[in-house]
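Thank you all for making time this morning.

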Amino acid sequence: MSDRPVIRPVSQTDFEDWLPLWDGYNAFYGRAGDTRLPDEITRTTWTRFFDAYEPVHALVAEKDGRLVGLVHYLFHRSTISIAPNCYLQDLFTDETTRGQGVGRALIEAVYERASAAGAPRVYWLTHETNDTAQALYNKVADHSGFVVYRKMF
């Protein structure tokens, strides 16, 4: 058995194994219990991964025959580049495999796909309190210094 996870595109048959990781990711950001995402959002997100017209993609990390991580990313246009940018939207690893290179492998797999698509950059956001993730992010990317503002409706 290799210590390196296998990174691969998510498949239709992965739903039952992907779902606990997706739920864990959402719970980390406070979307659980009464604030849980509606099932319709989860179903729509899942469906988008397999729709060739959608710019949303998913990879999973598999280790010892089970899914231990996920990453979702999308390509979008920009006003400062002709090529699309790649936004790494969701990254989550199973607690039992944290610190074992799963997150790094998922990020590097997105880098490979973005490069192949001609994207000039990959970027993402994380919460300012997510110190564990930032310890990895500071090793694999540059902190842009930008502050995010938003208005929810």
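Predicted model: local features only at pLDDT ≥ 70, side-chain atom pairs only at ≥ 80, totals over all residues.

**Side chains, a helix and the overall fold**

Let me begin with Arg48, which is partly exposed, with a relative accessible area of 37%. The side chain of Arg48 meets that of Glu54 in a salt bridge, with N and O 3.9 Å apart, and Glu54 is itself partly exposed, at 26% relative accessibility. As a general point, side chains of opposite charge can pair when their charged atoms come close.

How many salt bridges does a search of the whole structure find? The answer is six, and I will take you through two others. In one of them, Asp94 and Arg66 meet through their side chains at 3.6 Å, N to O. Asp94 lies in the loop between β4 (81-93) and α3, whereas Arg66 belongs to strand β3, so this pair ties together parts that are 28 residues apart in sequence. Arg66 counts as partly exposed, at 40% relative accessibility.

The other salt bridge is between Arg8 and Glu62, whose closest N and O atoms are 2.9 Å apart. Here, too, distant parts of the chain are linked, since Arg8 is in strand β1 (residues 6-9) and Glu62 is in strand β2, 54 residues away. Glu62 is partly exposed, with a relative accessible area of 23%, and salt bridges link Arg8, Asp14 and Glu62 into a network.

For context, most residues other than glycine have a negative phi. Is Asp64 buried or exposed? Asp64 is exposed, with a relative accessible area of 56%, which is above the 50% that the term requires.

Let me turn to the aromatic rings. The count comes to 15 aromatic pairs. One of them joins Tyr111 and Trp124 in a tilted arrangement, 6.4 Å centre to centre and with 35 degrees between the planes. This pair links distant parts of the chain, with Tyr111 in helix α3 (residues 102-116) and Trp124 in the loop between β5 (122-123) and α4 (131-140), 13 residues apart. The two partners also fall into separate accessibility classes: Tyr111 is partly exposed, at 26%, while Trp124 is buried, at 15%.

Elsewhere, ring pairs join Phe15, Trp18, Trp22, Tyr25, Phe28, Tyr29, Trp46, Phe49 and Phe50 into a cluster. There is also a charge over a ring, with Arg121 lying over the face of Tyr123 at 4.4 Å from the ring centre.

Since Tyr111 has already brought us to α3, let us stay with that helix. Helix α3 has 15 residues and reaches 21 Å from its first C-alpha to its last, close to the 21 Å expected at 1.5 Å a residue. Its buried residues are Val102, Gly103, Ala105, Leu106, Ile107, Ala109, Val110 and Ala114. Against which elements do the buried residues of α3 pack? They pack against β1, β2, β3, β4, β5 and α4.

Also in helix α3 is Glu108, which counts as partly exposed at 32% relative accessibility. Glu108 and Val140 are 32 residues apart in sequence, and their C-alpha atoms are 8.4 Å apart in space. Just after α3, Gly118 takes a positive phi of about 80 degrees.

Finally, the chain as a whole. The protein chain has four helices and five strands, and read along the sequence they follow the pattern β-α-α-β-β-β-α-β-α. Its radius of gyration is 16 Å, close to the 15 Å that the globule rule gives for 153 residues, so the chain is as compact as a globular protein of that length. The C-alpha atoms fill a box of roughly 40 × 40 × 35 Å along the principal axes. Buried residues make up 35% of the 153 residues. Among contacts between residues at least 6 apart in sequence, 59% join residues at least 24 apart.

Notes. Residues numbered from 1 in each chain as written. Heavy atoms only, no water. Phe/Tyr/Trp six-rings, centres within 6.5 Å; stacked < 30°, edge-to-face > 60°. Helix = DSSP H or I, 4+ residues; strand = E, 2+ residues; numbered from the N terminus. Buried < 20%, exposed > 50% of the residue type's maximum accessible area, 1.4 Å probe, protein only. Lys NZ or Arg CZ within 6 Å of the ring centre and 35° of its normal. Salt bridge = Lys/Arg side-chain N within 4 Å of Asp/Glu carboxyl O. Expected span 1.5 Å × (residues − 1). Contact = heavy atoms within 4.5 Å. Rg over C-alpha atoms; globule rule 2.2 N^0.38 Å.
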